[in-house]
Amino acid sequence: MKVLILSSRASSLMQFRTDLILDLVACGHEVIAAAPEKEQDWADKIAALGSRYSSFYLERTGLNPISDLRGLRSIYKLIKKEKPDIVFTYQAKTVVYGCTAAWLCGVPSINALLAGLGSAFRNKDRKLLKVILSLQYKFALGCCQNVFFQNRDDLGEFLKAGLVCENKVTMINGSGVNLQNFTPQPLPNGDTFLFVGRLIRDKGIMEYMEAARKVRIKYPTAKVRILGSFDTNPTAISPSDLEPFIKEGSIEYLGKTEDVRPYLKKCSVFVLPSYHEGTPKSVLEAMATKRPIITTDAPGCRETVIDGINGFLVPVGDVDALAEKMIWMIEHRAEAERMASVSLEICREKFDVKKVNAVLLKVMGL
């Protein structure tokens, strides 16, 4: 069969869908991975996975109707050209316009993954935007044969609002993690906290830096590190937001990387104080590396931690609670090491990418 995977970012195809592409190719399917970035920048990387890369037009953010119609038309033309048997799409705009275009083209099997609802949908101050997105989601998901969710909070919200039919829904355990690539590592000496993610406020980056300030007042030898790229998201922060914390020594900014494993190896505790996620892949990679986790009691995040067992869940936006748990990890090294072992056990049982992809392929009839 010919399978078309649509993403709003080419880098996301590599970061989140590499294993899915490899599994599809291994099963003998023809795979086209598509995103808005130029073909000359990504064709070779996707070809190395045994797939082809195609480009289409799409503005990832914003609600300009002319731009969005242009995006819909571009995806429609791509689907008409490729004539896939199956479309698999994720991320807000590619779900909305990818599913719609696939329906208009008569694709036999249309499949959407809701990997987190995003800041635009969850922002209570932007009610009109949520209404528009809800209408778009309802139509797009109505075009689907299958809709995958990564956490029950998001599913519950969509069911309550009547945006998806329950008989189309399958729950999956995040995007999974490759347990051959991410392997358990011994905890390093010293206390090193690590945040990995896009530098946007919805990831809890400001709370993390404020908590770092409190931790280092009590334990000045502790290291609090940030790894990630700046972003165009409406909640993105700027380098000037980091600067005061860097200057005073509260945090270390490591820049961005295509390989997080060396940084995970050097950390003793992984921290993600996000406001909402699908299921955070960064946390799964840390769990596979055998690390205790501090994250928030928020949609998606709470899927990864049993509070007090493999880490802690703290309230969203609570700097004091976050700092308190970071300090606890410093003061209770033996318990932190036990939590790290449980993280690995949970990851192997629940989040192995082979198990996650097996569910996706089975439901899609592949």
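Which residues form a nonpolar patch on the surface, with about 470 Å² of accessible area together? They are Leu63, Leu128, Val131, Ile132 and Leu135. A patch here is built from residues with over 30% relative accessible area and no salt bridge, where nonpolar side chains (Val, Leu, Ile, Met, Phe, Trp, Tyr) are joined within 5 Å and like charges within 9 Å. Accessible areas come from the Shrake-Rupley method with a 1.4 Å probe, and for residues only the protein chains shown count as cover.

Before we go further, a word on the model. It is a predicted one, in which local features need pLDDT of at least 70 and side-chain atom pairs count only at pLDDT 80 or more, while totals for chains, interfaces and linings use all residues. Residues are numbered from 1 along each chain as its sequence is written, and side-chain values use heavy atoms, with hydrogens and water left out.

Let us take the whole chain next. The protein chain has 15 helices and 13 strands; these are DSSP runs numbered from the N terminus, with helices (H or I) of at least four residues and strands (E) of at least two. The C-alpha trace spans about 60 × 45 × 40 Å along its principal axes. The accessible surface comes to about 15,900 Å², and carbon and sulfur atoms hold 52% of that.

Of the 366 residues, 55% are buried. Buried means under 20% relative accessible area, exposed over 50%, and partly exposed in between, with a 1.4 Å probe and protein chains only. Contact means heavy atoms within 4.5 Å. Among contacts between residues at least 6 apart in sequence, 69% join residues at least 24 apart.

Leaving aside neighbours within four places in sequence, Met326 is in contact with Phe193, Tyr208, Ala211, Val215, Val224 and Ile294.

Two single residues are worth a stop. Phe158 lies in helix H8 (residues 152–160) and is buried, with a relative accessible area of 0%. Ser268 sits in the loop between helix H11 (261–265) and strand E11 (269–272), yet Ser268 is also buried, at 5%. Not counting residues up to four places away in sequence, Ser268 touches Leu187, Pro188, Gly190, Asp191, Thr192, Arg291, Pro292 and Arg333.

That last partner leads us to charge pairing. Side chains of opposite charge can pair when their charged atoms come close. A salt bridge is a side-chain nitrogen of Lys or Arg within 4 Å of a carboxyl oxygen of Asp or Glu, and by this rule the count comes to 19. Glu337 forms one with Arg333, the closest N and O atoms being 3.4 Å apart. Because Glu337 and Arg333 are four residues apart in helix H14 (residues 333–350), about one helical turn separates them. Glu337 is partly exposed at 38%, and Arg333 is partly exposed at 26%.

Other pairs reach across the sequence. Lys93 and Asp68 form a salt bridge with their closest N and O atoms 2.8 Å apart. This pair links distant parts of the chain, with Lys93 in helix H5 (residues 92–104) and Asp68 in helix H4 (residues 65–82), 25 residues apart. Lys93 counts as buried at 12%, and Asp68 as buried at 5%.

Glu277 pairs with Lys203 in a salt bridge whose closest N and O atoms are 2.9 Å apart. Glu277 lies in the loop between E11 and helix H12 (281–288), and Lys203 in the loop between strand E8 (192–196) and helix H9 (205–218), so the pair ties together parts that are 74 residues apart in sequence. Finally, Lys2, Glu30, Arg52 and Glu82 are linked in a network of salt bridges.
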